[in-house]
Amino acid sequence: VRATIYGVLPSNPTHSARLMAEYTGIEHRIVWILPGLHPALIHLYGFRGSTVPAMKLDGRRYQHSRAISRALDKASEGPRLFPTDPARRSEVEEAERWGEEVLQMVPRRVYRWIAAHHNSFRTQLAGEVGIPLPAIAAKANAPVARVMASRAGATDERVRETLAELPGHLGHVGELISAGVIGGEEPNAADFQIVTSVRTLLCHEDLAAAIGDHPASRWARELMPEYPGTVPALIPPQWLEPLRATA
Ligand SMILES: N[C@@H](CCC(=O)N[C@@H](CS)C(=O)NCC(=O)O)C(=O)O
């Protein structure tokens with residue numbers, strides 16, 4: 001095995017790394033770490049930063065999805081993740097940067113708010129990632145969930161604002177598709193960076209109802225038919241109003 005990817009099951013950029021490894025055909029395995037404890041546990045694998053995805057490839061360590069896309073692109077003997085034409089490449093790099101710096105936080109913030117506020121959802125998540133006695137684990141993990149929410153700035157106010165900004169973000173994804181930066185015959189690093197964020201939002205029952213028909217959502221479902229896990233409708237309905245208005 002050339003590459004080992006370290007990630008957590010609900011993490012959008014973990015799936016970006018996984019999809020890019022699959023697409024390039026680089027032989028790899030995935031080490032799934034317990035969500036919530038991963039900022040501490042990832043250090044045990046020799047990484048300095050506290051985020052996933054992280055990757056070992058040909059004996060070197062990479063942490064951060066944009067470092068991983070470049071390393072996989074260089075190592076690939078098959079499909080590449082960045083165009084060779086310099087002008088096209090800079091468009092893809094800019095779209096990837098936006099996907100990582102702006103869009104990636106949207107599902108993270110919403111998800112962590114739900115995990116911090118709903119014991120029922122923590123129980124479901126504990127079951128999905130294979131923690132024994134999920135109902136007990138969910139109660140015990142409440143403080144961890146609150147810390148994770150605060151690390152993502154997931155206050156009521158900020159989550160509400162983030163949801164209000166979502167139509168604009170989906171519009172930008174639509175523009176990138178229309179401009180041919182993403183959504184082409186051969187997916188690139190920006191496709192893989194962006195698709196997982198849109199796709200994980202569609203795992204939320206209430207968000208799927210509000211944004212499921214958007215061109216960005218249709219594209220995401222096509223490129224990534226499956227995303228592990230479902231999130232019941234737990235977002236306060238009032239917070240979804242801006243999404244319905246633009247649907
Ligand atoms: N934006 C970076 C970091 C990704 C990131 O923040 N990952 C989350 C999981 S989705 C994480 O590990 N967070 C740890 C924390 O909040 O301390 C990337 O694309 O690699």
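What follows is a walk through the model, one selection at a time.

This is a predicted model, where local features need pLDDT of at least 70 and side-chain atom pairs count only at pLDDT 80 or more, while totals for chains, interfaces and linings use all residues. Residues are numbered from 1 along each chain as its sequence is written, and side-chain values use heavy atoms, with hydrogens and water left out.

A pocket here is an open set of points on a 1 Å grid over the protein atoms alone, where a 1.4 Å probe fits, with protein on both sides within 12 Å along at least five of seven lines; lining residues have an atom within 4 Å of a point. The largest pocket holds about 860 Å³ of space, a volume being the space filled by probe spheres set on the points, which are joined across faces, edges and corners.

Now colour by element. Helices (H or I, at least four residues) and strands (E, at least two) are DSSP runs, numbered from the N terminus. Which helix gives the most to this lining? H5 does, with 6 residues.

**Stop two: the second pocket**

Move to Arg80, Pro83, Glu186, Pro187 and Asn188, the closest to the centre of the second largest pocket among its 15 lining residues. Its volume is about 170 Å³.

**Stop three: the cores**

Select Met55, Val173 and Ile194, which have the most contacts inside the largest nonpolar core, a set of 63 residues. A nonpolar core means buried Ala, Val, Leu, Ile, Met, Phe, Trp, Tyr and Cys residues joined through side-chain atoms within 4.5 Å. Buried is under 20% relative accessible area, exposed over 50%, and partly exposed in between (1.4 Å probe, protein chains only). Then pick out Tyr6, Ile33, Ile42 and Phe47, which are included in a second, separate core of 8 residues.

**Stop four: helix H12**

Show residues 215-223, helix H12, and highlight its buried residues: Ala216, Ser217, Trp219 and Ala220. Look down the axis of H12: these buried residues fall within an arc of 160°, so they line one face of the helix. (The arc is that of the directions from the helix axis to the C-beta atoms.) What do they pack against? Helix H9 (156-178), helix H10 (189-201) and helix H11 (205-211).

**Stop five: Trp239**

Next comes Trp239, in the loop between H12 and helix H13 (241-246). Trp239 is buried, at 8% relative accessible area. Not counting residues up to four places away in sequence, Trp239 touches Trp113, Asp156, Val159, Arg160 and Leu163; a contact means heavy atoms within 4.5 Å. Try the distance tool: Trp239 and Asp156 are 83 residues apart in sequence but 9.5 Å apart in space, C-alpha to C-alpha.

Most residues other than glycine have a negative phi, and most peptide bonds are trans. With that in mind, zoom in on the Val52 to Pro53 peptide bond, which is cis, with omega near 5°. Pro53 sits in the loop between H2 and strand E3 (54-57). Then find Asp58, not a glycine, yet with a positive phi of about 50°.

Key. The arc is that of the directions from the helix axis to the C-beta atoms.
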